[in-house]
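Thanks for coming. I have a few minutes on one structure, so let me put it on the screen and talk through it.

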Amino acid sequence: MTIPFVFDSELAIKNSGGDPFAKEYLKNNIAGGGAYKVESWKPGVETIYVRNDAWKSGKLPQLRRIIARDIASPSTRRALMERGDADVSYGLPPKDFKDLLDAGKVNVVGVPIPNGVWGCYLNTQVGPFKDVRLRQAVAWAMPYDKILQASLFGRGVSMAGGTTPKVAWPQPFPYTHDVAKAKALVDAAGGPFSTTLYFDAGNATVAEPIAVLMKEALAAIGITVEINKVPGANFRTEIAKKTNPMVLNRFAGWLDYPDYYLFWTMHGNNSIFNIAAYQNPALDKLVDAARFAPDKAAYDSSVIDFIKLINSEVPMVPINQPTHDVALQKNIGGYQFQPCREPDFRYLTKGV
Amino acid sequence: MLRMIGQRLMTTIPSVIGVIIVTFLLTRVLPGDTAAYFAGPAATPEAIADIRGKLGLDQPLPVQFVSYVSALAKGDLGQSLTTGQRVTADLAQRLPASAELTLAGLLLAMSVALPLGVLAAVKQGSWIDHLCRVVATAGVSLPVFFTGLLLVYVFYFILGWAPAPLGRLDVFASEPPRVTGLLLVDTLLVGDFATFRSAFAQLMLPALTLGIFSLAPITRMTRASMLAVLGADFVRTARASGLTNGKVIGTYAFRNAMLPVVTTLGMVFSFLLGANVLVEKVFAWPGVGSYAVEALIASDYAPIQGFVLTMAILYVLLNLMIDVLYGVIDPRVRLEG
């Protein structure tokens, strides 16, 4: 992971038995400091944290002891929240968050995931979507509102119908659900076509409704889609091939900058997340200019320019920006989360 | 007896060797690239190659196999990449949880299934026979995760009788010193009754879920086997000699009907031990089943191999135990063996 850690290297090396990285020692021992200490750790079962009362680098947290249990079944987690046996739970399916919110017994706090968006990556090197008209056709055919309701139960922001490009990411592209425009583009490109849509089976709760609605919408404009669910272990291998014509994926960058997102997903360095295998020196130039911009004005103009570029090039059709939800009992306050989207225990408070 | 056990053990050696080879090969043909998975998203092809080299995955298969077997001979099942721990430590931590759950479920099922099966056979065609049929059909047709969720919903969510489905112990109870790893036994050993109660309460619903599922094969087998025995000549002779009904059924018929039932029990036990993944998921039970599935999702070879091997050895031991039990139940089997 890219979150920086600070280790007590003297302690670690003293116990490492010769390994300069003390990997074996650090697997089961603590050589660091922070607001909380790990009291016990059972991998995949539970972690217990106790407050480090000697902590000097900030306000002492209110909560003395935090028990983090891994509960695999979302239904069980929801039951625990509703019965009041758990204080905080995250990672529930969107429908459960919506139900909890409607029931009103617990608080649901949600903000759109910073720098995160569900997108349909269209391969720009092989297959039918080499033709930019077909990529635009997919963007016009996408049933944005239906997808937002069916896949996220409204817990997100639609990426349809953007007007003027802004210095932000994600942001709506200028496309809306317009079958006539989509059909005209497919006909101009010499349709009909058939293709395959891939997604990670581990994300099926959200991705499957998107895929099914897309299949239905694309069939209407002459693109036949076969859906292929890829098992989690295989998904990385599959997208690394960069030969799949159509892939649904939710990528969220830990750093909240548009250029950072595009560097990973559309830049010529061709990282694994550039699923569309998009190669465009003009885009690279703009993204790099933003990454190393001398001042804000230069940064802003580069961002606006590359947004305009990908608005017409659409290597990826943004679908929606999901909400990062967490369920909290009413007496829990001070919730904040880290860029890795895990809650920060230091600020949590619990009333009586 | 010892001689028989020795002979039986000898015959299991080829099957264990077979299991080792098959698990090794199977995990290698699984889709998914371990090195790519663990190198992370930002990895360059060189970094992936480097990790592949460190894991020994760039060696030809026979070389990998030799190093696997030689480590195995030292009792080393390798290291899990997801938990970062030794597989033997992980399994030792999690196996007792699965064993306790499975044993409790099986005991629960037996305490209902055996009397029900016997009664159904004795009073064939009566309401109790029909009840037996309904219970067995219902038990086997309800998938375990569904029964589990239903029980959680009714007994925890609606009624509030059961504790929160949070694994083996309440969050605030502390684990007793580890002797057997079975919490019910360990708490009693140190006389910690509060923790015993907590562990027992946590165990009830998942055990019930498993029990309902395993009810069917045991009931049906008991019934069928009792029916066959009750029609046998020696039962007629016993009745003709004027023995009481209880004596005929309890002493003579039941004991003779036990052989196939014990075989079924063994099968059900070993099946439940590995297959209760879904129950483990619903009740957040830290068992071996969910461990193996998580490893599978991450294409983490070592835990999968360790899991399959452990299961195979358990099967072998279980079969041996059943064979010994045969001899206890029916001395004729011992003579032939």
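Salt bridges between chain B and chain A: the count is 0. Keep in mind that this is a predicted model. Polar contacts do turn up, and across the interface of chain B and chain A there are 7 residue pairs of that kind, with both residues at pLDDT 80 or more.

Which elements of chain B give two or more residues to the side that touches chain A? They are helix 5 (87-122), helix 7 (144-158), helix 12 (277-282) and helix 13 (288-297). Helix 7 of chain B supplies the largest share of that side, with 4 residues. Sorted by class, the side of chain B that touches chain A holds 20 nonpolar, 10 polar and 5 charged residues.

Now the extent of the contact. The size of an interface is often given as the accessible area lost when the parts come together. For chain B and chain A, about 2,600 Å² is buried between them, and 59% of that lies on carbon and sulfur atoms. Chain B brings 35 residues to the contact and chain A brings 30 residues.

Next, the aromatic rings. Over all chains, a search of the whole structure gives 15 aromatic pairs. Take B:F155 and B:W161: their ring centres are 6.0 Å apart and their planes meet at 45°, so this pair counts as tilted. B:F155 has a relative accessible area of 25%, so it is partly exposed. B:W161 is at 65% relative accessibility and therefore counts as exposed.

Over in chain A, one aromatic cluster is made up of A:W169, A:F173, A:F251, A:Y261 and A:F273.

Methods:
Residues numbered from 1 in each chain as written. Chains lettered and ligands numbered in written order. Predicted model: local features only at pLDDT ≥ 70, side-chain atom pairs only at ≥ 80, totals over all residues. Heavy atoms only, no water. Contact = heavy atoms within 4.5 Å. Buried area = accessible area lost by both parts, 1.4 Å probe. Salt bridge = Lys/Arg side-chain N within 4 Å of Asp/Glu carboxyl O. Polar contact = N/O pair within 3.5 Å; in protein donor to acceptor, adjacent residues only side chain to side chain. Nonpolar A, V, L, I, M, F, W, Y, C, P; charged D, E, K, R; others polar. Phe/Tyr/Trp six-rings, centres within 6.5 Å; stacked < 30°, edge-to-face > 60°. Buried < 20%, exposed > 50% of the residue type's maximum accessible area, 1.4 Å probe, protein only.
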